[in-house]
Amino acid sequence: GQSITIGERNHGFAGLTYSERIALDPSVSVTDCQLGSLNATLAAGKIILCLSKSDTQDMFSASRSVFQAGGVGLIFAQFHHDGIELCESIPCVKVDYEVGTQIFSYIRKARSPTAKLSFPKTVVGKKVSPRLASFSSRGPSSITPEVLKPDIAAPGVDILAAYPPANKDQGDSYKFLSGTSMACPHASGIVALIKSLHPNWSPAAIRSALVTSGQMKQIAASQAGTDGMKILEEGSTRKEADPFDLGGGHVNPEKAVYPGLVYDTSTEDYIQYLCSIGYSSSSITRLADTKINCKKKTNTMLNLNLPSITIPNLKTKVTVTRKVTNVGNGNSVYKALVQPPFGISMTVEPRTLSFNVTNKILSFKVTFLSTQKIRGEYRFGSLTWTDGERYVRSPISVRAIETYAGV
């Protein structure tokens, strides 16, 4: 398992037991070691195994309960093991449910189960495929389902960072932190890197570079995690992560700085998108602080020039438009590699984009066709433009809906 330790501990063997065996009230389940639930007489001097039942109880809270009852150590098992907390009073280790179940089986079978408190080992440079944190927000967006969210994923679990202690006398100036507040500075730093190399790029162009170059398992572009394995999501399912988990994938700064093509989006594009989703000209005028006239266009909400395509309600057939700007070699030819969502036909026109000095911006259309007759779940695919060297990959999510009334 994983743990963080500071200072010296008394190492050596100690008795090992399971929380249910030392319940203060045997008629009440104390699997996750809620505060005040353990019998101090039975817990004293022992290492306690606690199994999380929900996200309401974490390892730090369980350690306080075990310490209060006189325990000397905690093994905390839960479905996901992303993010580790520092247990200040007693040593703790977090394991997944598989390991926790093995330990529980040992406790049941052994006459006098024991465990040893040892100083943890630091593993540096171990290359593993990233996993999506259990606490990371998932798509689709409930407010604007035709806009893929999230855009991209970045490192945000167990990040060692400078930390201003609340108590000035406290010596710890660094701390392991987890959350979007840790992923944000990684993404922001990469944005600053791209902006330093391309000072004239818009925020939309930079976002496009991040999204279309993200690491994610995909056949055409041969993208995967850092060790070549699929990127999974943390949690009880451990399923392969999809665009509603990762957006364009795990951020890849080396590829993002020279993406080849970008999907740029203007202020006018966003204004017409707001028009298409029901905002009035007067309300948008107040927001933009300039006179706005909403134009009547078909599929405007689906044609916002994003580096992704999301169709939340595909009845039978729909065509969306995108345009890309060549920011690489002046004379470049890109070909489309299509990975359609399951059960959806997907056609790109044209399938080849030829750029030169005068033609730096080219448009294309993507047509989606569904033959499904019942409401389905979201299906995922991708559209990748490649010149043989660079792969500009757009994640795609489509949900087909019923096309006729049932009986």
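C50 stands opposite F76 in strand β3. The structure is a predicted model, in which local features require pLDDT of at least 70 and side-chain atom pairs count only at pLDDT 80 or more, while totals for chains, interfaces and linings use all residues. Residues are numbered from 1 along each chain as its sequence is written, and side-chain values use heavy atoms, with hydrogens and water left out.

Strand β3 spans residues 73-78. Helices (H or I, at least four residues) and strands (E, at least two) are DSSP runs, numbered from the N terminus. Two strands pair if DSSP finds at least two bridges between them. Strand β2 (residues 46-51) pairs with β3 in the parallel sense, over 5 bridges. Strand β4 (residues 92-96) is also joined to β3 by 5 bridges, and these two strands run parallel. Here A77 has V95 of β4 as its bridge partner.

In β3, 6 of the 6 residues are buried, so the strand is largely enclosed by the rest of the structure. In a regular strand the side chains alternate between the two faces of the sheet. Both faces of β3 are covered. G73, I75 and A77 are buried on one side, and L74, F76 and Q78 on the other.

An open sheet of 4 strands has the order β8-β10-β14-β12, with antiparallel pairing. Its edge strands are β8 (261-262) and β12 (344-349), each of which pairs on one side only. Strand β8 is joined by 2 bridges to β10 (residues 317-326), and the two run antiparallel. L261 has N326 as its bridge partner in β10.

Aromatic contacts were searched next. Rings of Phe, Tyr and Trp (its six-membered ring) pair if their centres lie within 6.5 Å; planes under 30 degrees apart count as stacked, over 60 as edge-to-face and the rest as tilted. The whole structure contains 6 aromatic pairs. In one of them, the ring centres of F244 and F380 are 5.2 Å apart and the planes stand at 90°, so the pair is edge-to-face. F244 belongs to helix α6 (residues 243-246) and F380 to strand β15 (residues 378-386), so the contact ties together parts 136 residues apart in sequence. F244 is buried, at 7% relative accessibility. F380 is partly exposed, at 27%. Together with Y378, F244 and F380 form one aromatic cluster.

A salt bridge is a side-chain nitrogen of Lys or Arg within 4 Å of a carboxyl oxygen of Asp or Glu. The structure holds 9 of these. D245 forms one with R138, and the closest N and O atoms are 2.9 Å apart. This pair links distant parts of the chain, with D245 in helix α6 and R138 in the loop between β5 (114-117) and β6 (159-162), 107 residues apart. D245 is buried, at 5% relative accessibility. R138 is partly exposed, at 31%. Both residues belong to a network of salt bridges that also links E233, K239 and D242.

Two further salt bridges were examined. E240 and K230 form one, with 3.6 Å between the closest N and O atoms. Both residues lie in the loop between α5 (203-212) and α6, so the pair ties together parts 10 residues apart in sequence. E240 is partly exposed, with a relative accessible area of 36%. K230 is partly exposed as well, with 43%. The other salt bridge joins E268 to K295, whose closest N and O atoms are 3.9 Å apart. E268 lies in helix α8 (residues 267-276) and K295 in the loop between α9 (281-288) and β9 (309-314), so parts 27 residues apart in sequence are tied together. E268 is partly exposed, at 36% relative accessibility. K295 is partly exposed, at 48%.

The surface was searched for patches. Patches are made of residues with over 30% relative accessible area and no salt bridge; like charges are joined within 9 Å, and nonpolar side chains (Val, Leu, Ile, Met, Phe, Trp, Tyr) within 5 Å. Accessible areas come from the Shrake-Rupley method with a 1.4 Å probe; for residues, only the protein chains shown count as cover. L160, Y174 and F176 form a nonpolar patch, with about 340 Å² of accessible area together. Y174 lies in strand β7 (residues 174-177). Y174 counts as exposed, at 54% relative accessibility.

Notes. Buried means under 20% relative accessible area, exposed over 50%, partly exposed in between (1.4 Å probe, protein chains only).
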